[in-house]
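Visitor: Hi, I'm new to this one. Could you walk me through it?
Guide: Happy to. Let's bring it up and start with the overall picture.

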Amino acid sequence: QVEKRLELVKQVSHSTHKKLTACLQGQQGVDADKRSKKLPLTTLAQCLMEGSAVLGDDSLLGKMLRLCGEAEDKLAQELIHFELQVERDVIEPLFVLAEVEIPNIQKQRKHLAKLVLDMDSSRTRWQQSAKSSGLASNLQPSGAKADALREEMEEAANRVEICRDQLSADMYNFVAKEVDYANYFQTLIEVQAEYHRKSLALLQNVLPQIKAQQEAWMEKPSFGKPLEEHLAVSGREIAFPVEACVTMLLECGMQEEGLFRVAPSASKLKKLKAALDCCVVDVQEYSADPHAIAGALKSYLRELPEPLMTFELYEEWIQASNIPEQEKRLQALWNACEKLPKANYNNIRYLIKFLAKLTEYQDMNKMTPSNVAIVLGPNLLWPQADGNMTEMMTTVSLQIVGIIEPLIQHADWFFPGDIEFNVTGNYGSPMHVNHNANYSSMPSPDMDHADRRQHDQARRPLSVATDNMMLEFYKKDG
């Protein structure tokens, strides 16, 4: 049984040694420095560090390459230490077991077989000598030759006995040491676990540094990113694409017929969106193409992961638009406005004030509050659902128009106070003035969001008749 086990253990050990050696990335049997040079991780680290030196720390990529290069170099050092340990504690003992210890026992077995043959041969010669002497079988042969043959036979039997004892001892030792052999594999897992723990600790240490560099970098794309994330990164209250597009349109697009309705040039739109993502816009270049600016603004709003008017309040907006009495409908819309998160409230207020200003030029641009609501509404509010978006939007588009149009028509009532469109001072643009002086009871636009909600408890909407009368009055007044 032990002999059969020997051969099987030898095969398994040899195969495991071969496969384990193939897993080593460094060159086996050389010192740590030589291994390091041949390691792919070391080459990668060098490449990253060289790239970092070329790009410099002035660029985000340069900083990332340097941090990653340093991390990969440390990982390479851990890998070398791990491989040397595996080689010393697992691979070499397995090699000794498969190629030295078991073969030695097997040689001993073959040697015993040879000694047994020698002993049998000696016995045969001695027996033949006895027969040739013509003596009875129960008597011992005599004479010098017979004595020599007997001694040879006894010596051979003695050698067989010694060899058999030695072989038995080796086999028992092999069986007894199976625990030690099994320990090689426990060691392998322990060394691997320690290597991965240290590697993980290294990576976890460098990740916060990498994230800090990313977060500190101001030039981040804004299209397709959550509104609050963009505002937090850029330290703004109004999203950059919204402010940039609005201020440019105030300069060059207010009288453009079909603004937001006429499709822009696809290449111009793509270029402007890319420029806005980099927070770099050449105002002069786009002043001749207001439709591209309007298209970029629509794209930004549509590509937000969540609409500016939020999924959470979607049902409330729709329900408000379905109220038949106008005063109650406006109050319900106002209540929904007040529930918007601060970032969304600030941006929707900014946008609606601009759209209200745009409709002041409706005689020239043909964009009435209704027209603006039709083309922009689906970019400000949409349901959170899968399925056929076109079919779904067809059913709710009228309701959304019924939400956006009153917001534009009564912009100064929903969002009282003046507004400075050119928040950052990058572009020259006029201030939106709240013409309706009747709104003295409105909360201050500078009031904290929570305070404004408290103010709501005591506030009721002004008569819509008054509101419409004031609008008519100022239309006549020009």
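**A first look around**

Guide: The protein chain has 20 helices and two strands; helices (H or I, at least four residues) and strands (E, at least two) are DSSP runs, numbered from the N terminus. This is a predicted model, where local features need pLDDT of at least 70 and side-chain atom pairs count only at pLDDT 80 or more, while totals for chains, interfaces and linings use all residues. Residues are numbered from 1 along each chain as its sequence is written, and side-chain values use heavy atoms, with hydrogens and water left out.

Visitor: What share of the 478 residues is buried?
Guide: Buried residues make up 42% of them. Buried means under 20% relative accessible area, exposed over 50%, and partly exposed in between, with a 1.4 Å probe and protein chains only.

Visitor: Let's pick a residue. Where does His-230 lie?
Guide: His-230 lies in helix H7, which covers residues 227-234.

Visitor: And is His-230 buried or exposed?
Guide: His-230 has a relative accessible area of 5%, so it counts as buried.

Visitor: Which residues does His-230 touch?
Guide: Leaving out residues up to four places away in sequence, His-230 touches Ser-222, Arg-236, Ala-239, Phe-240, Pro-241 and Tyr-300. Contact here means heavy atoms within 4.5 Å.

Visitor: What does the side chain of His-230 reach at 3.0 Å?
Guide: That is the backbone nitrogen of Phe-240. A polar contact is a pair of N or O atoms within 3.5 Å; within protein, one must be able to donate a hydrogen and the other to accept it, and residues adjacent in sequence count only if both atoms are side-chain atoms.

Visitor: Back to H7. Which residues in H7 and H14 meet?
Guide: Leu-227, Glu-228 and Leu-231 in H7 meet Ala-343, Asn-344 and Asn-347 in H14.

Visitor: What about the phi of Thr-310?
Guide: Thr-310 also isn't a glycine, and its phi is positive, near 70°. Thr-310 is in the loop between helix H11 (290-303) and helix H12 (314-321). With 4% relative accessibility, Thr-310 counts as buried.
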